Amino acid sequence: MTQQAVRAADGHTSGRRWRPVVSGVLAERAGRRALEVAGLVRQVVAGDPEYAGGLEGTAGAAVLFGQLDRIHPDQGWDVAAHECVKLSVREIEETANTEPGLFNGLGGLAFTAWSLSRGGTRYAGLLAGLDDRVTRGAVRLAEEFTAKPYDRPIVEYDVISGLSGITGYLLLRKDEPAVAEALPKILEALVAFCGIGPGGPNWFVSPETLGPAMLSDIFPAGMYNLGLAHGIPGPLALLALAYDAGQRVDGQLEAIERVAHWLVDQRCDDEWGPGWSIGAEREPTPRHAAHNAWCYGSAGVARALWLAGRATGDDRLRAEALETMDGIYRRPSNVRGIDNSPGLCHGVGGLLQLTSLFAAETATAGDVAVPAEVTAAGAFEAEAAGQVERLLELFDPELRTGYYALETEGARNESVGLLDGAAGAALALLAATTAVDPVWDRLLLMA
């Protein structure tokens, strides 16, 4: 076994046999660019010891450095990752942060330590302490959901800050006794949240709970959030991933089926194919599809439907997912709405990682009825190659990190982070072009 293969099998894999979808000269260019970006990120973090922690800061940089250590061992990336972990721990301590969330709390640092632990041989003390606090925080939230499984604030159940994202991490730690004891309670709470109450689906967010924010301006009467990052596709993806991992409670399969088919009913198609809005109201109203990103729109919904179809054995859901991806690929750049942003959240990086996943999994999808364009040989690989090219084009050598995060209003913000920043773009390039399992995609409930 090669040194690279040893690192790929060091206990951090998800059970996938990962394969690159892009090869040859383009893969070599992408690999060099990812290394260049990582070097820039390392310089930025080293030059600013007060740089923000968390997955949008030093913890996100550490995830990138850890992935590079598995791909290019003995080049010092593990040292760079360790320095970032120390900075992240210091910030958690200084801010007295007790939130269990992935991108705003302890969950992200816990994931980072796990991803760097080489099968539990490092960071054992840090992991034990973080796991205890994250698990207790998740159980507290679950108890609140069990007591009132409807009209919950988005930040309590979403992937970014809430129970869906936190539980995605805990699934990776399911063999730890305290986590194993807590998971059924948490899953039962999410199953209850995915139920139907007297007022309809429990995941409706009333205007009072939605609060004064951008979404309340768009949906003054309340909303069903349809984005994977912040909406009901997050709990759907989590319950499906848990089911595949053997973590099952009463009503879980029915909850997956209920939410998935409800989500299909929310389609708002255009001339290129299925689409989904940011959200839906209780009374059906004309809607326009959101951009085609992981966070909101077709790409994230497609992944949630695919995972639901895989868990339930429902090929109709998997076909729906692939038809949705086909529509994304056929939309022009100005309609797709993500091609000028490099990040994982609402940019090319996220679509590239989803494309890489679909490329790997459709090869063994069985007799799923899918559009001819999708089943054509090399369709996903060809799309991935185009997305890699676009990420290379978006690199700007004048920027400190090489990549920017494109804000909702169009402003460009430099960040080393995983979700919207340079680390995420580099990780997507590495996943598409190397055979080392990109375990970081669990943070986004992609796999």
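P20 lies in the loop between helix 1 (3–8) and helix 2 (24–47); helices are DSSP runs of H or I with at least four residues, numbered from the N terminus. Residues are numbered from 1 along each chain as its sequence is written. The model is predicted, so local features need pLDDT of at least 70 and side-chain atom pairs pLDDT 80 or more, while totals for chains, interfaces and linings use all residues, and side-chain values use heavy atoms, without hydrogens and water. P20 is partly exposed, at 29% relative accessibility, where buried means under 20%, exposed over 50% and partly exposed in between (1.4 Å probe, protein chains only). The C-alpha atoms of P20 and E381 are 9.2 Å apart in space, and the two residues are 361 apart in sequence.

The whole structure contains zero disulfides, a disulfide being a pair of cysteine sulfur atoms within 2.5 Å. C268 is in no disulfide, and its nearest cysteine sulfur, that of C295, is 15 Å away. C268 is buried, with a relative accessible area of 12%. For C345, also in no disulfide, the nearest cysteine sulfur is that of C295, 3.8 Å away. C345 is buried at 9% relative accessibility.

E188, D250, E254 and E257 form a negative surface patch. E257 belongs to helix 13 (residues 252–265) and is partly exposed, with a relative accessible area of 34%.

Terms used: Patch = residues over 30% accessible without salt bridge, like charges linked within 9 Å, V, L, I, M, F, W, Y side chains within 5 Å. Areas by Shrake-Rupley, 256 points an atom, 1.4 Å probe, with all protein chains shown as cover. Salt bridge = Lys/Arg side-chain N within 4 Å of Asp/Glu carboxyl O. Lys, Arg positive; Asp, Glu negative; His and termini not counted. Charge placed at Lys NZ, Arg CZ, Asp CG, Glu CD. Helix = DSSP H or I, 4+ residues; strand = E, 2+ residues; numbered from the N terminus.
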